[in-house]
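Please read the points below beside the coordinates.

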Amino acid sequence: MKSFFAEKWNQGVDYNTFLEQMKGWVDTQSTSGPVQNEALAAFTKLNYSRLKKWNRITKINEETTSFFQSQQGEYKWLMIIEAWCGDVAQNIATINQLAELGGIPFKMIYRDEHLDLMDQFLTNGGRAIPKLILFDGDLENVLAEWGPRPANAQQLMIDYKANPEAYSGDVKEDIHRWYAVNKQQDLQREIMTLMKNVKQSADIPVN
């Protein structure tokens, strides 16, 4: 699968390019992907504001900073996204900061243009995004995956889907409120734990 993953990696964009593309879609009242409508354009505009907010206020805690600054080994991170997805906007700025701390190359790729990739990383049979894929440095092996949201936020969605009639609120709004209160602490811990597990599986010392 090396050639397939390498091709996808080469088609990805870095974080700064993604931000530039987001601004372009906001300016033209459009969005990523083949489906274009006012609702998705409005979500994209909102998400661009969320991205700018998280770029400004995200603080990586001391434990996570220390871990990522002591990284050993070669990795690449590829994240499947769309501009209109709220969970992308809530998570991607922090993941980019973690990649920068660890010196890990990080790119994004758009789901609906690459369904052949997306369909290898489904969540409960669905094309949920964001989906972060951790590769070795040569793009030969998938080491781990994460997504579409931190476990506690995901549980809110699972509970809602299990019994929507008993749920009186807007689950999506509740999830976004959860992100605001949690301040990316669960996300930092989950990605750090994911990397620790990768290192342990490869018998690499964990600092």
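1. Basis of the note. This is a predicted model, in which local features need pLDDT of at least 70 and side-chain atom pairs count only at pLDDT 80 or more, whereas totals for chains, interfaces and linings use all residues. Residues are numbered from 1 along each chain as its sequence is written, and side-chain values use heavy atoms, with hydrogens and water left out.

2. The sheet. Four strands make up an open sheet of mixed pairing, in the order β2-β1-β3-β4. Strands (E, at least two residues) and helices (H or I, at least four) are DSSP runs numbered from the N terminus, and two strands pair if DSSP finds at least two bridges between them. The edges are taken by β2 (106-110) and β4 (142-146), each of which has a single partner strand, so one side of each is left without a neighbour in the sheet. From one strand to the next the twist averages 20 degrees, where axes are lines fitted to C-alpha atoms (for helices over the stretch in contact) and angles run from 0 to 180 degrees between N-to-C directions.

3. Strand pairing. Five bridges join β1 (residues 75-81) to β2 in the parallel sense; within this pairing, L78 has K107 of β2 as its bridge partner, and I81 stands opposite Y110 in β2. The pairing of β1 with β3 is antiparallel and has six bridges, with L132 in β3 as the bridge partner of M79. β3 and β4 also run antiparallel, joined by four bridges, and here I133 is partnered by E145 in β4. The hairpin of β3 and β4 has five residues between the strands, and L139 in that hairpin takes a positive phi near 60 degrees.

4. Helix α2 (residues 15-27) lies across β1 and β2 and runs at about 35 degrees to β2. Helix α5 lies across β1, β2, β3 (131-136) and β4, running at about 170 degrees to β1.

5. The largest pocket. The largest pocket holds about 660 Å³ of space and is lined by 25 residues, of which C85, D87, R149, M157 and K172 lie nearest its centre. A pocket here is an open set of points on a 1 Å grid over the protein atoms alone, where a 1.4 Å probe fits and protein lies on both sides within 12 Å along at least five of seven lines; lining residues have an atom within 4 Å of a point. Its volume is the space filled by probe spheres set on the points, which are joined across faces, edges and corners. Two or more lining residues come from each of α3 (38-57), α5 (86-102), α7 (151-162) and α8 (171-182).

6. P150. This residue lies in the loop between β4 and α7 and, at 1% relative accessibility, counts as buried. Neighbours within four places in sequence aside, P150 is in contact (heavy atoms within 4.5 Å) with N91, W178, Y179, D186, L187 and E190. Between P150 and D116 there are 24 Å in space, C-alpha to C-alpha, and the two are 34 residues apart in sequence.

7. Two further loop residues. Q29, in the loop between α2 and α3, counts as exposed at 68% relative accessibility, and its C-alpha is 20 Å from that of K53, a residue 24 places away in sequence. D119, in the loop between α6 (115-118) and β3, is partly exposed, with a relative accessible area of 36%; D119 and T65 are 54 residues apart in sequence and 33 Å apart, C-alpha to C-alpha.

Definitions and conventions:
Buried means under 20% relative accessible area, exposed over 50%, partly exposed in between (1.4 Å probe, protein chains only).
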